[in-house]
Amino acid sequence: MGGRLLTEDETVVSWLDGLRLNRFHYGLMLLVGSVELFSGYNSQIIAYTLPQIMRDWRLNPVLGGTLSSYTFMGFMVGTAVLGAVADRIGRKRALMLAVTVFALFGGLAGLARGFFWFAILRFLAGIGMGGALPIAIALVSEYAPARARGKAVTIMACGFNLGWAVAALGGMLIVPTLGWRAALLVGMLPLLLLPLFWLRLPESVQFLSVRGRYLEALREVRRLEAAAGTPPREWGRQHFAFVTASSGSRARDIFGSGLAPTTLLLWITYFFAFLAVYGLSIWLPSLLLASGFSVTQGYGLGMFQSVCAVGGGLVSGLLMDRWGRKPVLAGYYLLGGAALCLLAAVSSGLAWWWRLPLPALSYCPCLCPSTWWQERCIPPGSAPPGWAGRLPSDGWDLFWGRFW
């Protein structure tokens, strides 16, 4: 074939880990990040439509709160189920399925004529939103070079925070003029992007290798070689062979090989992190409006917090690749906890502007413990990045995060 000969111990995974970030990786982060942007929008728009929905349907605070709860029940199902589905049908197809589910049902919720159907449709949309994130993390982390994995995952995950900011903008511009139904219908826009995802999203090389689809895996590797500007290598089946050792995914695998303490600690971390993040974000707009803030002030503060979270996530990705996952995550959680204590003591409207960014900065690193878990707790060579436990790990971490 005229390609460069490979050393005896070189594999596809070691080659992927040794690359530099290139236009292939940035294109992947952009595509998957756009999925997370719309997922974040559909997730957070309920916070900015809830006051109008409660007024139109004359709901008390208890019933209003349950509308958000149905969405998170769907999140739990999606994170637990769609990750396992992706290990059977592939990351690309599963991610497109998740987009279809959350965009379709999230938009249809804008047409609901009563509490019951709205709750059902938001639950179904939550399944898609919950499944999108672990699949996105897995796909990006499987392609990202080892030394830039933290940065790649956090850049992608910042799309979710941007979606929250866009939801706040929609709450300020769409809800007062066109109503809450129009704001929900906007969430159907990702359906228009499905053809682009089908044409441009790569399938996981590791998944294809596990399934014995060597020629398809080789096609994805050739795309990466072209993007990286490296000469084609003479890849053979033996260079993909060692990732075929695991062809299934079992939830109990994330407790094997001494991983049980780490798995349980990560579940606890996700639980309390998402308790603070979603508790603050979902109810903050309504609480601010009830406290006398205008729509522009209340929703503007929510957008400000989301934008700050993007900055915090980008910085955390750079720091994690330089200093390691554990010290950076610990520092961010300490900063976020201290900031939440300050936030609880706020009494004047002006003070919110400089205290809100602090808890927001701790949000994006909440999405990265699974990257640390995969890279630090699984010794190199004992399990490949395409190990089937990756998606159950991400999915169950996020399941317990949404359990609150």
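Let me start with one term: partly exposed means a relative accessible area between the buried limit, under 20%, and the exposed limit, over 50%. Asp 17 has 23%, so Asp 17 is partly exposed. Keep that in mind. And note that this is a predicted model.

Asp 17 has a partner. That partner is Arg 149, in a salt bridge with the closest N and O atoms 2.6 Å apart. How accessible is Arg 149? Its relative accessibility is 7%, so Arg 149 counts as buried.

How many salt bridges does a search of the whole structure find? Six. Here are some others. Glu 216 pairs with Arg 213, with 2.9 Å between the closest N and O atoms. Glu 216 is at 29% relative accessibility and counts as partly exposed. Arg 213, with a relative accessible area of 29%, is partly exposed too.

Next, Arg 222 and Glu 225. Their closest N and O atoms are 2.8 Å apart, in another salt bridge. Both residues lie in helix H11. They are three residues apart, about one turn of the helix. In general, an α-helix has 3.6 residues a turn, so residues three or four places apart point the same way. Arg 222 is partly exposed, at 22%. Glu 225 is buried, at 2%. There is also a network: Asp 87, Arg 91 and Glu 142 are joined by salt bridges that share partners.

Stay in H11, residues 214-228, for Leu 224. Leu 224 has 0% relative accessibility, so this residue counts as buried. What does Leu 224 contact, beyond its neighbours within four places in sequence? The list includes Trp 15, Leu 16, Leu 19 and Asn 22. Phe 24, His 25 and Tyr 143 are on the list as well. Leu 224 and Arg 23 are 201 residues apart along the chain, yet their C-alpha atoms are separated by 8.9 Å.

That brings us to helix H2. H2 covers residues 23-56, 34 residues in total. From first C-alpha to last, H2 reaches 48 Å, close to the 50 Å expected. At the N-terminal end, Asn 22 is the cap. A side-chain oxygen of Asn 22 lies 2.9 Å from the backbone nitrogen of Phe 24. Where does H2 bend? At Thr 49, by about 50°, with Pro 51 following within four residues. Just after H2, Arg 58 takes a positive phi of about 55°. Why call H2 largely enclosed by the rest of the structure? Because 26 of its 34 residues are buried.

Now the nonpolar cores. The largest has 53 residues. Among the residues with the most contacts inside that core are Val 32, Phe 102, Val 140 and Tyr 143. Helix H5, residues 115-143, gives the most to this core, with eleven residues. Apart from this core lies another, of 21 residues, including Ile 45, Tyr 48, Ala 109 and Phe 118.

Last stop, Tyr 143. Not counting residues up to four places away in sequence, Tyr 143 touches Leu 16, Phe 24, His 25 and Leu 28, among others. Pro 202, Glu 203, Ser 204 and Val 205 are also in that set.

Notes
Residues numbered from 1 in each chain as written. Predicted model: local features only at pLDDT ≥ 70, side-chain atom pairs only at ≥ 80, totals over all residues. Heavy atoms only, no water. Helix = DSSP H or I, 4+ residues; strand = E, 2+ residues; numbered from the N terminus. Expected span 1.5 Å × (residues − 1). Bend = angle between axes of the 7 residues up to and from the residue. Buried < 20%, exposed > 50% of the residue type's maximum accessible area, 1.4 Å probe, protein only. Polar contact = N/O pair within 3.5 Å; in protein donor to acceptor, adjacent residues only side chain to side chain. Contact = heavy atoms within 4.5 Å. Core = buried A, V, L, I, M, F, W, Y, C linked by side-chain atoms within 4.5 Å. Salt bridge = Lys/Arg side-chain N within 4 Å of Asp/Glu carboxyl O.
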